[in-house]
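The sequence and the structure come first, and the description follows.

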Amino acid sequence: MAIQRIESVLYGVTDVAACSRFFEDFGLEPVEGGETGAAFRTPANQYVHLRLASDAALPPGLEEGSTIREFTWGVDSRDALDAIATELASDREVRADPDGSIHTVDESGYAIAFAVANAAEVSVEPRPTNVTGSVGRWNAEVTGYGRARPLRICHLALNIKKEGREQAEAFYVERLNFRAVDRVLKMGTFMQCEGDWEQHTFLLSHRPDAYGINHTAYEVRDIDEIVEGGNYMLEQGWEEARVLGRHTVGSNVFRFFHAPCGGRVEYAADMSRVDDSYETPRVWEETPPHHIWILKSGEKQAQQ
């Protein structure tokens, strides 16, 4: 295996303080802070970096305002990193940094980087559940999380133009060995990197027909943590972008918030795992329903 996971995401933002407060409330660990930048860490040792959008050292953004400026893929070895650099240098500029990372752009113009993954193991003991015929919890009540503490960055979704979408997908599938798991012809392609078993690590969505960050997703332990984390975000004044639901493609439970760094962020749990025995890609001529279920109440709901 070569590409294992999302290693880091770099945003160029107009308000570092507001974005820092957002990610602290979201549940990430702050590891760096200041007027011109900040950084946050997941327990899996992935990073979210914030820098002022005016920083000349940042790669250019593909949309105005606060947005993603670069994302880094973690690979399994130095040899794999060197092989990627050689492959991509055949038709585009590849820059090597003193820290060993390499930097280039994909077919859509997004700045991408690669580095040897520095993963920390995360071990979670699932909460025992009870149902008639399968009782896992005796003589104990469920206690609340209070708020969410995401475990890892689990997937990234980017918007791309409809024109050239086949080439955009082929770059990742044919040259970086991603696997197309679900190809929704009118919306986009859900892809899995070699070192991941989740239904998707990466989504290129051409439905908006525009460039820009769609969302980043963070895995939490279960639906309870999604509910409590989302409620905490609302209490801090953040705006919900998509209410609690369960997706059709991927099957994960979700809840989204608008992010001042651009796009949205998602709490996600219980996504389908897809191994090598699963026949891919599934091809959808018509876009499947967005969700299996979504929370409804008498109150006005956040819309997609």
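## Contacts along the chain

Of the contacts in the chain between residues at least 6 apart in sequence, 66% join residues at least 24 apart. Contact here means heavy atoms within 4.5 Å.

The model is predicted, so local features need pLDDT of at least 70 and side-chain atom pairs count only at pLDDT 80 or more, while totals for chains, interfaces and linings use all residues. Residues are numbered from 1 along each chain as its sequence is written, and side-chain values use heavy atoms, with hydrogens and water left out.

## Overall form

Four helices and 20 strands are found in the chain; helices (H or I, at least four residues) and strands (E, at least two) are DSSP runs numbered from the N terminus. The chain is as compact as a globular protein of 304 residues, because its radius of gyration is 19 Å, close to the 19 Å of the globule rule. That radius is taken over C-alpha atoms, and the rule is 2.2 Å times the number of residues to the power 0.38. Along the principal axes, the C-alpha atoms fill a box of roughly 60 × 50 × 35 Å.

## Surface and charge

Buried residues account for 49% of the 304 residues. Buried means under 20% relative accessible area, exposed over 50%, and partly exposed in between (1.4 Å probe, protein chains only). The accessible surface of the chain is about 14,600 Å², and 48% of this belongs to carbon and sulfur atoms. Areas come from the Shrake-Rupley method with a 1.4 Å probe; for residues, only the protein chains shown count as cover.

There are 30 positive and 49 negative side chains, and the centres of the two sets are 5 Å apart. Lys and Arg count as positive and Asp and Glu as negative, with His and the chain ends not counted. Each charge is placed at NZ of Lys, CZ of Arg, CG of Asp or CD of Glu.

## Helix 2

Helix 2 spans residues 78–88, and its buried residues include Ala 80, Leu 81, Ile 84, Ala 85 and Leu 88. These residues lie on the same side of helix 2, because they cover an arc of only 140° around the axis. The arc is that of the directions from the helix axis to the C-beta atoms. Asp 79 and Thr 86 are exposed on the face turned away from the buried side.

What do the buried residues of helix 2 pack against? Their partners are strand 1 (3–13), strand 5 (67–75), strand 7 (102–105), strand 8 (111–116) and helix 3 (165–175).

In helix 3, Ala 168, Glu 169, Phe 171, Tyr 172 and Arg 175 are buried. Asn 177 follows helix 3 and has a positive phi, near 65°.

Helix 4 (residues 223–235) contains Glu 228. Apart from neighbours within four places in sequence, Glu 228 is in contact with Gly 144, Tyr 145, Gly 146 and Arg 147. Thr 143 is 85 residues from Glu 228 in sequence, and their C-alpha atoms are 11 Å apart.

## Loops

Asn 139, in the loop between strand 10 (134–135) and strand 11 (152–159), has a positive phi of about 60° although it is not a glycine. Asn 139 counts as exposed, at 82% relative accessibility. Asp 209, also not a glycine, has a positive phi of about 55° and lies in the loop between strand 14 (202–205) and strand 15 (212–219). Asp 209 counts as partly exposed, at 34% relative accessibility.

Thr 280 and Pro 281 are joined by a cis peptide bond with omega about -5°. Pro 281 is in the loop between strand 18 (264–269) and strand 19 (282–284).
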